[in-house]
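Open the model in your viewer and keep the selection panel at hand. The tour moves from one residue out to the whole chain.

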Amino acid sequence: MRPPPAGFRPTDHSSPYMDLIGKLYESGEGETYRLGMWVEEHHTNRLGQCHGAVLAALADVHLIRVIALTRKPRITMVTVHLGLDYLAPAPLGSWLEGRGRIDRMGRTLCHSSGIIYADDKPVLRGAGVFQIVSVEPKR
């Protein structure tokens, strides 16, 4: 397994579903938060490109984390709406990296948007609406 780019570390915020997809890495905090992974053979479609469902899952998780991991206390959210535009293919072996921002924070709904890049080329644009389902108690 290839190491991630400099500044990325293995994430400790995974889920059983994302563990099936593969190893995720993260970097930064707040609006500099990045989520990344390598496109491996089991991520590809018949054309040898990253399957759109893998890109969608990465975008969904990234857009939630841009909000959830930057809030104090940390919040837990579920996806209400996810809009995606596929821009270009992501080839086998490329480094996928999500970069995004918080667009709006409400009392119950949060909005974020961003782009998934493959080797620094935009491959997917996404925007999501997420519902807050819990807030960790202050410690």
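Predicted model: local features only at pLDDT ≥ 70, side-chain atom pairs only at ≥ 80, totals over all residues.

Contact here means heavy atoms within 4.5 Å.

**Stop 1: Ile116.** Select Ile116 and show what surrounds it. Neighbours within four places in sequence are left aside. Ile116 is then in contact with Leu55, Leu58 and Ala59, with Leu96, Glu97 and Gly98, and with Lys121, Pro122, Val123 and Leu124.

**Stop 2: the core.** Together with Ile116, they touch the most other members of the largest nonpolar core, which has 32 residues. Which elements supply at least two residues each? Select helix 1 (16-21) and helix 2 (52-68), then strand 3 (34-38), strand 4 (75-86), strand 5 (95-105), strand 6 (109-118) and strand 7 (121-135). Helix 2 gives the largest share, 11 residues.

**Stop 3: the fold.** Switch to cartoon. The chain holds two helices and seven strands. Trace them along the sequence: the pattern reads β-α-β-β-α-β-β-β-β. Of the contacts with a separation of 6 or more, 60% join residues 24 or more positions apart.

**Stop 4: the whole chain.** Zoom out. The C-alpha trace spans about 45 × 30 × 25 Å along its principal axes. Buried residues make up 41% of the chain.

**Stop 5: the surface.** The accessible area is about 7800 Å², with 54% belonging to carbon and sulfur atoms. Finish by colouring the charges: 17 side chains are positive and 14 negative, and the centres of the two sets lie 6 Å apart.

How values were computed
Residues numbered from 1 in each chain as written. Heavy atoms only, no water. Core = buried A, V, L, I, M, F, W, Y, C linked by side-chain atoms within 4.5 Å. Buried < 20%, exposed > 50% of the residue type's maximum accessible area, 1.4 Å probe, protein only. Helix = DSSP H or I, 4+ residues; strand = E, 2+ residues; numbered from the N terminus. Areas by Shrake-Rupley, 256 points an atom, 1.4 Å probe, with all protein chains shown as cover. Lys, Arg positive; Asp, Glu negative; His and termini not counted. Charge placed at Lys NZ, Arg CZ, Asp CG, Glu CD.
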